[in-house]
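These notebook entries record what I looked up in one structure, entry by entry. The sequence and the model are shown first.

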Amino acid sequence: ALLSTILLMAGPTATIGLLPSYEQIGVAAPVLLALCRLLQGFAAGGELPGALVYLVESADANHRGLYGALIQASGVGSLVASAVAALLHAVLGDDAVRRWGWRLPFLLGATIALFTCVLRRNFKPTPVWLEARRAREREEEQHREQQQREQQPPPQQQQREEVAAEPQLLPPQQQQGQQQGQQQGQQQGRSQLDLQDRAEQR
C-alpha cells in the first residue's frame, strides 16, 4: 500500500510539472490539472494512514503513541514546500516563477517520490503484521485438520467396516462340512437332471 500511494503521487506530480499551458492545448489544460490534483488528493489520503500504521507497528510497545503523535503533529512537509517557494522567488524572480518557474517544485517532488519508491521496496513487514499472518495461517491449518477429521468415519465404524470386509475364516471341521454339503447339493442336482433326461427320452 505504501508503494502504491507514493507511485500514485509521483505520476500526477510529474504530469503537472510537464503540463502544457492553456494557450497550447486549450480547455484540456485546466481539466488535466484538476484531474491530477484529484489523484494527488487520493494518494495523500492513503499515504498518511499507511505511514502512520507502519510506524506505529514498527515501534516498540513503549513508544508507539509518541511516534504516532509525531506524524500527526509534524509539519515538516509544509515547511519544506514554503522554503522552496521562497527560494524560487528569491532566485528567479516573480515574473519567471509565474511563467515557468512554478513547474520546478513539481518536477523536484516527482523525483523525490521516485527515489522514495526505491527505498520503500526494501521495507520489511512489521512484527505485528508477521504475527497476525502466522496466527491466520495457524487458524487455516486448524480449520483444514478439522475438515479432514469430519470427513473421516469414527474409529469404531471404520473398524466395523474393516471387519465386515475381511473374509470370515471357519474352523477346519466346519469347512469340511460345508464342502461336503456343497458336493451333495451338486450330486443331487445332477441326479435330478438325469431323471429329467430319461423321462423326456421315454
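**Entry 1. Salt bridges**

I began with charged pairs and counted two salt bridges, a salt bridge being a side-chain nitrogen of Lys or Arg within 4 Å of a carboxyl oxygen of Asp or Glu. The model is predicted, so I note that local features need pLDDT of at least 70 and side-chain atom pairs count only at pLDDT 80 or more, while totals for chains, interfaces and linings use all residues. Residues are numbered from 1 along each chain as its sequence is written, and side-chain values use heavy atoms, with hydrogens and water left out.

Side chains of opposite charge can pair when their charged atoms come close. Asp95 and Arg99 are four residues apart in helix H6, which separates them by about one helical turn. Helices here are DSSP runs of H or I with at least four residues, strands are runs of E with at least two, and both are numbered from the N terminus.

I then looked up the accessibility of the pair. Asp95 is partly exposed, with a relative accessible area of 44%, and Arg99 is exposed at 53%. I use buried for under 20% relative accessible area, exposed for over 50% and partly exposed for values in between, with a 1.4 Å probe and protein chains only.

The other bridge I recorded joins the side chains of Arg144 and Glu141, at 2.5 Å from N to O. Both residues lie in helix H8 (residues 127-151), three residues apart, about one turn of the helix. Arg144 is partly exposed, with a relative accessible area of 42%; Glu141 is partly exposed as well, at 36%.

**Entry 2. The chain as a whole**

I listed 10 helices and zero strands in the protein chain. Buried residues make up 13% of its 202 residues. I also looked up contacts, meaning heavy atoms within 4.5 Å. Among those between residues at least 6 apart in sequence, 64% join residues at least 24 apart.

**Entry 3. Helix H6**

Which residues of H6 are buried? I found Ala96, Val97 and Gly101. Seen down the axis of H6, these buried residues fall within an arc of 100°, so they line one face of the helix. The arc is that of the directions from the helix axis to the C-beta atoms. The face turned away from the buried side carries the exposed residues Arg98 and Arg99. I noted that the buried residues of H6 pack against helix H5 (76-92) and H7.

**Entry 4. Helix H7**

I checked the length of helix H7 (residues 103-120). At 1.5 Å a residue, its 18 residues should span 26 Å, and its end C-alpha atoms are 26 Å apart, which agrees. The expected span is 1.5 Å times one less than the number of residues.

The residues I found buried in H7 are Arg103, Ala110, Ala113, Cys117 and Arg120. They cover an arc of only 110° around the axis, which puts them on the same side of H7. These buried residues pack against helix H1 (2-17), helix H3 (28-58) and helix H6 (94-101).

On the other side of H7, I recorded Phe115 and Val118 as exposed. Phe115 has a relative accessible area of 52%. Phe115 and Ile6 are 109 residues apart in sequence, and their C-alpha atoms are 9.9 Å apart in space.

**Entry 5. Arg103**

Residues up to four places away in sequence aside, Arg103 touches Ile16, Gly17, Leu18, Leu19, Pro20 and Ser21.

**Entry 6. Thr13**

My last entry concerns Thr13, which is found in helix H1. Thr13 is buried, with a relative accessible area of 7%. Its side chain and that of Gln40 are joined by a polar contact of 2.7 Å. A polar contact is a pair of N or O atoms within 3.5 Å; within protein, one must be able to donate a hydrogen and the other to accept it, and residues adjacent in sequence count only if both atoms are side-chain atoms. Leaving aside neighbours within four places in sequence, I found Thr13 in contact with Gln40, Phe106, Gly109 and Ala110.
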